[in-house]
Amino acid sequence: MQPRNMSMSGAVDLSAVKAAAEAKQKAEQARAQRAAQPGGQQAAAAVQLVVDVDEAGFEQEVLQRSAEVPVVIDFWAEWCQPCKQLSPILERLAEEYAGRFVLAKIDVDANQMLFQQFGVQGIPAVFAVIAGQALPLFQGAAPEPQVRQVLDQLIEAAEQRFGIVGTPVDPEQAAAARQQQAGPPQPPANPTLAAAHAALDAGDLGGAIQAYENVLSDEPANLEAKLGLGQARLLQRVQGADAAKVRKAAADNPSDVDAQLACADLDLVGGHVEDAFSRLVSTVQRTAGDDRETARVRLLELFEVVGPDDPRVVAARGALSRVLF
């Protein structure tokens with residue numbers, strides 16, 4: 001997926017005089033409160049540059065904190081391959097910028113309400129919150145120079161329009177705090193499964209598929225291996241695909257099952273989960289025999305990639321049942 005909205009042009013709406021004045025006042029109050037904290041508490045608060053945020057902690061970790069420092073939100077999911085390209089860049093830059101912004105990571109599968117409230121169309125998606133006001137930054141994986149440019153513009157807007165400058169932090173202290181927050185590394189319970197994960201992360205899709213299949217041959221009910229195998233097979237299918245050609249073929253040939261399967265794969269990799277499911281449910285509905293079975297099986301495979309408890313999977317299972325029976 002190509003990144004879009006790679007600018008701060010949308011931030012003009014944040015510059016209303018009244019809103020800026022109120023934000024500056026809140027920022028000054030927050031700095032005064034922080035200055036009054038004991039040294040240990042102040043340091044602990046300052047070094048949390050990368051935080052995992054859920055719906056319960058959103059008010060405190062994002063909205064309240066945005067009165068002191070720009071908060072950049074990274075909407076991601078474990079199955080999203082472009083997310084695995086973008087998230088490390090954002091995390092590294094959060095440490096490098098050392099307190100000029102805070103990165104809030106939100107797992108969309110576990111926080112559907114936030115996903116919907118922000119109107120996210122696909123992942124990865126990056127937003128910012130300044131003084132309680134949200135604005136979109138960009139969607140899709142982006143190269144580091146472009147990410148830096150957007151962050152620089154965000155920080156400049158936060159300071160000039162709202163008087164929000166963040167809190168300087170020692171990068172080493174911040175990295176240590178992040179490690180402490182994550183806890184000590186846990187030894188893998190299954191070395192073969194760990195090797196499969198490593199192969200997937202390294203882009204060795206063939207090796208990952210073989211390793212996951214080896215795990216499942218011994219543990220057929222291993223959900224983690226099923227999820228990994230589904231991801232690896234999906235990524236292998238879309239590897240090297242020309243997205244424009246795939247989508248045109250699907251649009252021009254609605255009765256071509258292979259074309260619909262290929263487009264559904266691209267939809268899922270791009271974060272358009274509901275579109276992928278809807279496409280395949282429709283394909284099942286208008287086909288018969290082997291074509292119907294092929295589409296049905298692919299849809300079940302994509303369910304495995306997203307996870308059986310995801311509400312989008314639950315809804316799509318219901319839709320599939322209705323067209324089959």
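Helices are DSSP runs of H or I (at least four residues) and strands are runs of E (at least two), both numbered from the N terminus. This is a predicted model: local features need pLDDT of at least 70, side-chain atom pairs pLDDT 80 or more, while totals for chains, interfaces and linings use all residues. Residues count from 1 along each chain as its sequence is written, and side-chain values use heavy atoms, without hydrogens or water.

Q: Which residue follows α8, and what is its phi?
A: Helix α8 spans residues 191-201. G203 comes after α8. The phi of G203 is positive, near 85 degrees.

Q: Which residues of α8 are exposed on the face turned away from its buried side?
A: Buried means under 20% relative accessible area, exposed over 50%, partly exposed in between (1.4 Å probe, protein chains only). In α8 the buried residues are L193, A196, A199 and L200. They lie on the same side of α8, because their arc around the axis (from the directions to the C-beta atoms) is only 120 degrees. The face turned away from that buried side carries the exposed P191 and D201.

Q: Which helices do the buried residues of α8 pack against?
A: Packing here rests on contact, heavy atoms within 4.5 Å. The partners are three elements: α4 (81-97), α9 (205-218) and α10 (223-238).

Q: What is the strand order in the open sheet of five strands?
A: The pairing is mixed; strands pair if DSSP finds at least two bridges between them. β1 (50-52) and β5 (133-139) are the edge strands, each pairing on one side only. The order is β1-β3-β2-β4-β5.

Q: Do β2 and β4 pair in the parallel or antiparallel sense, and over how many bridges?
A: β4 covers residues 125-130, and β2 covers residues 71-76. V71 stands opposite V129 in β4. The two strands pair in the antiparallel sense, over five bridges.

Q: Is D74 buried or exposed?
A: D74 sits in β2. Leaving aside neighbours within four places in sequence, D74 has contacts that include S87, L90, K105 and P124. Its relative accessibility is 0%, so D74 counts as buried.

Q: Which cysteines form the disulfide?
A: The cut-off is a pair of cysteine sulfur atoms within 2.5 Å. By this rule there is one disulfide. Its S to S distance is 2.5 Å, and it joins C80 to C83.

Q: Is the disulfide of C80 and C83 right-handed or left-handed?
A: Both of its cysteines, C80 and C83, are buried. The torsion about their S-S bond is about 85 degrees, so the disulfide is right-handed.

Q: Is C263 buried or exposed?
A: The relative accessibility of C263 is 1%. C263 therefore counts as buried.

Q: Which residues are joined by a cis peptide bond?
A: Look in the loop between α5 (112-117) and β4, where P124 is found. Omega of the cis bond is about 0 degrees. The bond joins I123 and P124.

Q: What is the phi of A98?
A: A98 lies in the loop between α4 and β3 (102-107). A98 counts as buried because its relative accessibility is 15%. Although A98 is not a glycine, its phi is positive, at about 50 degrees.

Q: Which loop holds A131?
A: A131 has a positive phi near 50 degrees, and A131 is a residue other than glycine. At 16% relative accessibility, A131 counts as buried. Its place is the loop between β4 and β5.
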